[in-house]
Amino acid sequence: MTVSLTRHGAIAVVCVDHPPVNALSQSVRQGLWDMIGTLDALDDVLAVILICAGRTFMAGADVSEFGKPPMEPHLRNLVQRIEEARKPWIAAMHGSALGGGFEIALACRYRVALATASVGLPEVNLGIIPGAGGTVRTPRFAGIEAAVELVTTGKPVRASKAKQMGLIDAVIEGDLLEGSLAFAQACDLANVPALAQDRPIAPVGPEFWTNAEAALVKRVRSEAAPLRALACVKVASERSFTDALAFERETFLELRGSPQASAMRHVFFCERAAPRPSELNGVTPRPVRTVGVIGSGTMGAGIAAACREAGLPVILIEQDQSALGRGLANLLHINDGAVTAGRISAQQAADKVNGVIGQTDLTALAEADLVIEAVFEDLAVKRDVFARLATHCRSDAILVTNTSYVDPQQIFEGLSHPERFLGLHFFSPAQVMKLLEIIPTAQTDPTVLSAGFALARAMNKIPVRAGLCDGFIGNRMLKVLWAQAERVLLSGATPVQVDAAMRVFGQPMGPFEAQDLGGLDSADFQRKTARARGDTVFAPLAERLVALGRLGQKTKAGWYDYPEGSRQGQASLVVTNVIKEAGEEALIPQRTWSSSQIVDALLLPVVNEGARLLAEGIAMRASDIDLVNIHGCGFPRWLGGPMHWAQAGGLSGVVARLDALAHEGLAEPPCDALREHSFTGRAF
Ligand code: 3H9
């Protein structure tokens, strides 16, 4: 039974059991709807506890039902019916009480939760707003400021914080059902708390709304839902309960059918499918209980921190004691940063650091199940490390190279047990960035590949399988974007114009600001390696800047000038002259650029490259390309990733605009695969 009833004397316990996350699918809504009628009619029931089986309280509306014809009973009506039930309902929450699940809880007379539970209204992450009273009831319990924070960020809060905010009545220690029964028995049921609709909202001054909107516009750029959620809370504070519910409903329906909501649902399901690719169904990952990390620079220390996040003990290897000292200091710095940011407690930070043993001798890795090399990006250096690892590690230990562009097949060439080698590409900073590219070689065993995915899941990262090529998926696409950005400069635009256009599109920063932040030297090193291999590279402007010693913020000069002490770039006369000279030398015709033309010139070739990656089998799915761009390259989530964005806008338009750019010499023409998808209308 999806919704079942048990009796504990005068207390009825309604249990929802709808794996995996008790989403409010039609069967759950119907079951609860019927239960309200049944319980209202039972005179000997004094109170009702609403609890859930499995790993969580109801995690929200069933997202897979969005986009399909709505089915009764509707969630908003169910919420209202619980609120108006003859018996007081008590929501007993564990896991994540989210979205519609939390809206149901808000309609109950009481809310209790385990200390480990969290509650929230994450609808903005799906491009929508709460649609069953969340924006109207939350400010009546927690006040306007807290409600604005909850609905505009979508971030859940832990039970103790929720209690401080007035969102829940008690935090339960021990068994949830027992604790809830005790809570129910202790309640003065003749004097139940007021319903949300009967609670006043403490007003805020007009400047609150002006400031909140200004801050939000800055944060969310062209993402629609958070601003609309803010507007709903404002209406809730200004109009009647009924009017506010109607306004929320109207906004919800409008957003639910919007392209942004469709894009964010696409991302939601891509993210959940990514850790479990169908090609690894039935494959048991090789167990990983202990990890070794070679190298403790920024990347190595970040990887060690990510492994500790997964709860794995780490053996950190450096060449000598002084390098090891610096590496362990890097690790301390990462954890201190997490404590300062409030992400972990001082005790958790200490546990993380204590789980790392520093060593200078590879024999310490004799029993490690998996070893990740994070040394210099140089084929010979990496090959030397693995030749030595092959003699010190168990023959079934998984040996991993962390590389952003050196070919793993070449790194492992000729070593014994080739089935145990794997490439992983962590994005920097490794302990923060969600994306992990997983690169098997031709010989990698499926159990080893599967272990890579399991490791990513344990680290709370989004794994994407990539084939062997220069830059894999992320860096290969970024290379196209940066090359296009230079083409646009050479034909008349300025770095300020290009960066501004990409920000307005939704990127957190433009390509030139991003290069200045990361440093121009690492891409330059990569280009030299590519040239040595005989590849063609196109970065005439970046190469001139590197030759001038303009490496970005770290040298106070890159694509922009950085006056002493400032991280805010200023347009540079030197760069203007470099662009002018290079354009004149190459006889590039000058033209004017609008923001949308800049976005097209930068991103349509990226889509084209995505189609190539799919055709070459480097990317398995278009959704993987979308995830790489969202989590690794700053593509706006609310546009769904470049492949979704291109498809949603119409591929025939993409092909026509790319053809026009190619005609002007500003991009390569659409590849065959892109033309074919556009012609047949077949989804990527
Ligand atoms: C809403 O409520 C709107 C209302 O205001 C108004 C309506 C009128 N629906 O993440 P996991 C599936 S909007 C359907 O790996 P975890 C997921 O696809 C909703 N399915 O687990 C996956 O399936 P599979 C607001 C859902 O333990 C499986 O559950 N709520 C839903 O790491 C496991 O997911 C949210 O946005 C759903 N709502 O994390 C909450 N949620 O196994 C979204 C999950 O086939 N969900 N699935 O791949 C989450 O944040 C996480 O899933 C949660 C568990 C924290 C709950």
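How far is the sulfur of C15 from the closest cysteine sulfur, and in which residue is that sulfur?

1. The model is predicted, so local features need pLDDT of at least 70 and side-chain atom pairs count only at pLDDT 80 or more, while totals for chains, interfaces and linings use all residues. Residues are numbered from 1 along each chain as its sequence is written, and side-chain values use heavy atoms, without hydrogens and water.

2. The closest cysteine sulfur to that of C15 is in C52, 6.6 Å away, which is too far for a bond. A disulfide is taken as a pair of cysteine sulfur atoms within 2.5 Å. For C633, the closest cysteine sulfur lies in C469 at 13 Å, again too far for a bond. The structure holds zero disulfides.

3. C633 counts as buried because its relative accessibility is 17%. Buried means under 20% relative accessible area, exposed over 50%, and partly exposed in between (1.4 Å probe, protein chains only).

4. S404 is buried, with a relative accessible area of 17%. S404 sits in the loop between strand 14 (398-402) and helix 16 (408-412); helices (H or I, at least four residues) and strands (E, at least two) are DSSP runs, numbered from the N terminus. Leaving aside residues up to four places away in sequence, S404 touches E377, H425, G471, F472 and N475, where contact means heavy atoms within 4.5 Å.

5. Helix 12 (residues 298-309) packs against helix 13 (residues 321-340) at an angle of about 55°, and their axes are 9 Å apart. Axes are lines fitted to C-alpha atoms, for helices over the stretch in contact, and angles run from 0 to 180 degrees between N-to-C directions. From helix 12 the contact involves T298, A301, G302, A304 and A305, and from helix 13 G327, N330, L331 and I334.
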